[in-house]
Amino acid sequence: MATQPRRAPDRPPDLPERRAVERLLGELPGPGAIPRKQGELAFEEPWQIRALALAVAAHEQGRFPWSEFQGQLVSAISKWEQTPAPERDDWEYYRHWVRALEQLVIDHGLADTDEITRKADECVKAGEHRRAHSHGGGLLATDPGH
């Protein structure tokens, strides 16, 4: 039985899906906006990975064109920028990502505000009882490479 070469645990496989995600992300305005570390996508929390994956999956399922997500993301960031500094949240890229995705979900009738709030509450409650899956590095790691 032939053995496959071992990969470092903090490096996900170079799959066509990963290249497709990188292509989509490269189409977003402001190429430096997406958090990266040593050229790789960087996430501080597991929810950020899920937010990215949900947007990409919804697009790939034909729920909305990627250009529409781009526009919503730009709009969410612009709204934050136009809010007076003392009144706005701290900058967190993926929070704007989630706001853009939620707006598209509502606009396309995939869920309403109440359903989104209920699901978000369920996720928060589930997270209180379970530690996020982050062993092994890769895309599920809080800080890939560590």
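**Close-up views of a predicted helical model**

View 1. The structure shown is a predicted model, in which the protein averages a pLDDT of 76 and 73% of the residues score at least 70. Over residues 7-11 the pLDDT is likewise below 50, and this stretch has ten contacts in the model beyond near neighbours in sequence.

**View 2. The arrangement of helices and strands.** The protein contains five helices and two strands, and from the N terminus on its elements run α-β-β-α-α-α-α. Of the contacts in the protein with a separation of 6 or more, 63% are accounted for by residues 24 or more positions apart. Buried residues make up 26% of the 146 residues, while the protein exposes about 10200 Å², of which carbon and sulfur atoms supply 53%.

**View 3. The largest nonpolar core.** This core has 27 residues, and those with the most contacts inside it are Leu25, Leu28, Leu52, Trp66, Phe69 and Trp97. Helices H1, H2, H3 and H4 each supply at least two residues of the core, and its largest share, seven residues, comes from H4. Leaving aside neighbours within four places in sequence, Trp97 is in contact with Leu25, Leu28, Ala51, Leu52, Ala55, Trp66, Phe69 and Leu73.

**View 4. Helix H3 and its buried face.** Helix H3 has 17 residues and reaches 24 Å from its first C-alpha to its last, close to the 24 Å expected at 1.5 Å a residue. Its buried residues are Trp66, Phe69, Gln70, Gln72, Leu73, Ala76, Ile77 and Trp80. Seen down the axis of H3, these buried residues fall within an arc of 165 degrees, so they line one face of the helix. They pack against helix H1 (16-26), helix H2 (46-60) and helix H4 (93-107), whereas Ser67, Lys79 and Gln82 are exposed on the other side of H3.

View 5. Gln72 has its place in helix H3, which covers residues 66-82. With a relative accessible area of 19%, Gln72 counts as buried, because the cut-off for buried is under 20%. Not counting residues up to four places away in sequence, Gln72 touches Ala100, Gln103, Leu104 and Asp107.

**View 6. Helix H2, its cover and the residue that follows.** The 15 residues of H2 should span 21 Å at 1.5 Å a residue, and the end C-alpha atoms of the helix are 21 Å apart, which agrees. In H2, the residues Pro46, Gln48, Ile49, Ala51, Leu52, Ala55, Val56 and Ala58 are buried, and what covers them includes H1, strand E2 (40-41), H3 and H4. Just after H2, Gly62 takes a positive phi of about 80 degrees.

View 7. Leu54 is found in helix H2. With a relative accessible area of 55%, Leu54 is exposed, the cut-off for exposed being over 50%. Leu54 and Leu101 lie 47 residues apart in sequence, and the distance between them in space, C-alpha to C-alpha, is 8.3 Å.

Methods. Residues numbered from 1 in each chain as written. Predicted model: local features only at pLDDT ≥ 70, side-chain atom pairs only at ≥ 80, totals over all residues. Heavy atoms only, no water. Helix = DSSP H or I, 4+ residues; strand = E, 2+ residues; numbered from the N terminus. Buried < 20%, exposed > 50% of the residue type's maximum accessible area, 1.4 Å probe, protein only. Contact = heavy atoms within 4.5 Å. Expected span 1.5 Å × (residues − 1). Arc of directions from axis to C-beta. pLDDT = per-residue confidence, 0-100. Areas by Shrake-Rupley, 256 points an atom, 1.4 Å probe, with all protein chains shown as cover. Core = buried A, V, L, I, M, F, W, Y, C linked by side-chain atoms within 4.5 Å.
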